[in-house]
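Student: Hi! Could you walk me through this structure with me asking whatever comes to mind?
Tutor: Happy to, ask away.

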Amino acid sequence: MENLRKEMEKELENVVDINSYNNFKVLYFGKKGKVSELSSKMGTMDPTLKKEYGMKLNELRTEMTNALENKLAKIKEAELNKKLASEKIDISLPATKVDLGSPSILEKVIEDFEEVFMSMGYDVVDGPEIEEDKYNFELLGLPKGHPARDAQDTFYVKGDELLLRSHTSPVQARTMLAKGGNEPVRIICPGKAYRRDDDDATHSHQFTQIEGLLVDKNIKLSDLKGTVTIICKKLFGEDTITRFRPSYYQFTEPSVEMDISCFNCKGDGCNICKKTGWITIGGAGVVNYDVLRGCGYDPDIWSGFAFGFGAERCAMLKYGINDIRTFYNVDLRETKTFDRKENE
Ligand code: DAH
């Protein structure tokens, strides 16, 4: 037994990893191991010696098992340290680039409009995209059979009463009727409109307008011009000049087309403005008396102006985009370019 102890103590020094640990265990504590071999000797032993022998053997077993387990703890610790050392984080490595999403540029332009109008005391309101013929046409001076309805190639949803709104102007009628004819109105309504247009670089069957309506006392065309001029300077730059051209809409009288000086050539003429120096951004006018009356406002007391900006058009101008379809495509590489421009 003493020889075995010495042998084990020596062998224990060679236990340096999991392999040598396992080998040691099998060699001494296994079923046919050297310690078991000694204990099997007890079967034939003189009973007077047996007791002491058994105690000594137990002692040896306990002592050696403890020593071996200590070794195992040390082996595990060494392995962990080795792993930690090899997995050290190199903080000098360049970081992995994370692709972040960003708001659509159309949304950004709409938010810009909202911000400027809200600073001037306007409320931002909403209206339904599936609209009744009454609001989309009739209350705006376009009764059934009116030839001007053709210009707004409309998607009908059900019979000839429900349609996808062909412009955001029905929100004017809805707002005035809701107010009841006794208080001023000051709203903008950004939203989707639909027409049976063939999609090309400048047309889409679905597009976005920013409608506006102001009703108060003594409102004149010059108030419209002043408001639009301030807005355009804020959105397109302080050196922007606005121009009104005579036009015709059933719901305004007089009616105008709103132009701004070309942001690119500043009015000299270039490809973007088709050499005219001007770019059209929407329609507007003084609210027609019949529209006011039909929506509950007495035109002898109240007057107002209304406008409709083409949101895609404004975004195209602001970001130099030449294809409207860009807004409806989800390629992040495209919108990244605009982000960069925005941050420049
Ligand atoms: N609704 C017109 C369109 O879609 C745009 C427009 C013109 C809106 C004049 C207005 C307005 O509010 O006063 O072509």
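Student: Which residue stands opposite Leu163 in S4?
Tutor: That one is Glu131. Keep in mind that this is a predicted model.

Student: OK, and how many bridges join S2 to S4?
Tutor: There are 3 bridges between S2 and strand S4, residues 162–164, and the two strands run antiparallel.

Student: What's the order of the strands in that sheet?
Tutor: The order is S2-S4-S3, in an open sheet of 3 strands with antiparallel pairing. Strand S2 (130–132) and strand S3 (156–158) stand at the edges with a single partner strand each, so one side of each has no neighbour in the sheet. On average, neighbouring strands here are turned by 40 degrees against each other, ignoring direction.

Student: What holds paired strands together in general?
Tutor: Strands of a sheet pair through backbone hydrogen bonds, in either a parallel or an antiparallel way.

Student: Switching to the sheet with 7 strands: what order are they in?
Tutor: That open sheet goes S1-S5-S6-S10-S9-S8-S7, and its pairing is mixed. Its edge strands are strand S1 (123–124) and S7, each pairing on one side only. Helix H5 packs on this sheet and touches S1, strand S5 (185–194), strand S6 (206–216) and strand S10 (303–310). The direction of H5 makes about 165 degrees with that of S5.

Student: Let's look at S8. Is it mostly covered or mostly uncovered?
Tutor: Mostly covered: strand S8, residues 252–261, has 8 of its 10 residues buried.

Student: How is S7 joined to S8?
Tutor: A hairpin links S7 to S8 through 2 residues. The two strands run antiparallel, with 7 bridges between them, and S7 covers residues 242–249. As an example of who faces whom, Ser247 is opposite Ser255 in S8.

Student: And how many bridges does S8 have with S9?
Tutor: S8 pairs with strand S9 (residues 278–287) over 8 bridges, in the antiparallel sense. Within S9, Ile279 is the bridge partner of Ile260, and Trp278 stands opposite Ser261.

Student: Is Ser261 buried or exposed?
Tutor: Buried, with a relative accessible area of 8%. Ser261 belongs to strand S8. Leaving out residues up to four places away in sequence, Ser261 touches Asp239, Thr240, Ile241, Gly277 and Trp278.

Student: What about Gly191, where does that one lie?
Tutor: Gly191 lies in strand S5 and is buried, with a relative accessible area of 12%. Again leaving out residues up to four places away in sequence, Gly191 touches Arg165, Thr168, Phe207, Thr208 and Gln209. The C-alpha atoms of Gly191 and Leu332 are 23 Å apart, and these two residues are separated by 141 residues along the chain.

Student: New topic! How many disulfides does the structure hold?
Tutor: The count is 0. As a reminder, a disulfide is a covalent bond between the sulfur atoms of two cysteines.

Student: Last topic, helices. At what angle do H5 and H10 pack?
Tutor: Helix H5 (residues 105–119) and helix H10 (residues 311–319) pack at about 100 degrees, with their axes 9 Å apart. That makes H5 roughly perpendicular to H10. Residues making the contact include Ile105, Leu106 and Phe113 of H5 and Ala311, Cys314 and Tyr319 of H10. By type, the residues of this contact are 9 nonpolar, no polar and 4 charged.

Student: How many residues of H10 are buried?
Tutor: 7 of its 9 residues are buried, so H10 is largely enclosed by the rest of the structure. Among them are Met316 and Leu317.

Student: And what follows H10?
Tutor: Gly320 does, and its phi is positive, near 65 degrees.

Key
Residues numbered from 1 in each chain as written. Predicted model: local features only at pLDDT ≥ 70, side-chain atom pairs only at ≥ 80, totals over all residues. Heavy atoms only, no water. Buried < 20%, exposed > 50% of the residue type's maximum accessible area, 1.4 Å probe, protein only. Helix = DSSP H or I, 4+ residues; strand = E, 2+ residues; numbered from the N terminus. Pairing = 2+ DSSP bridges. Disulfide = S-S within 2.5 Å. Axes fitted to C-alpha atoms, helices over the stretch in contact; angles between N-to-C directions. Parallel < 35°, antiparallel > 145°, perpendicular 65-115°, else oblique. Contact = heavy atoms within 4.5 Å. Nonpolar A, V, L, I, M, F, W, Y, C, P; charged D, E, K, R; others polar.
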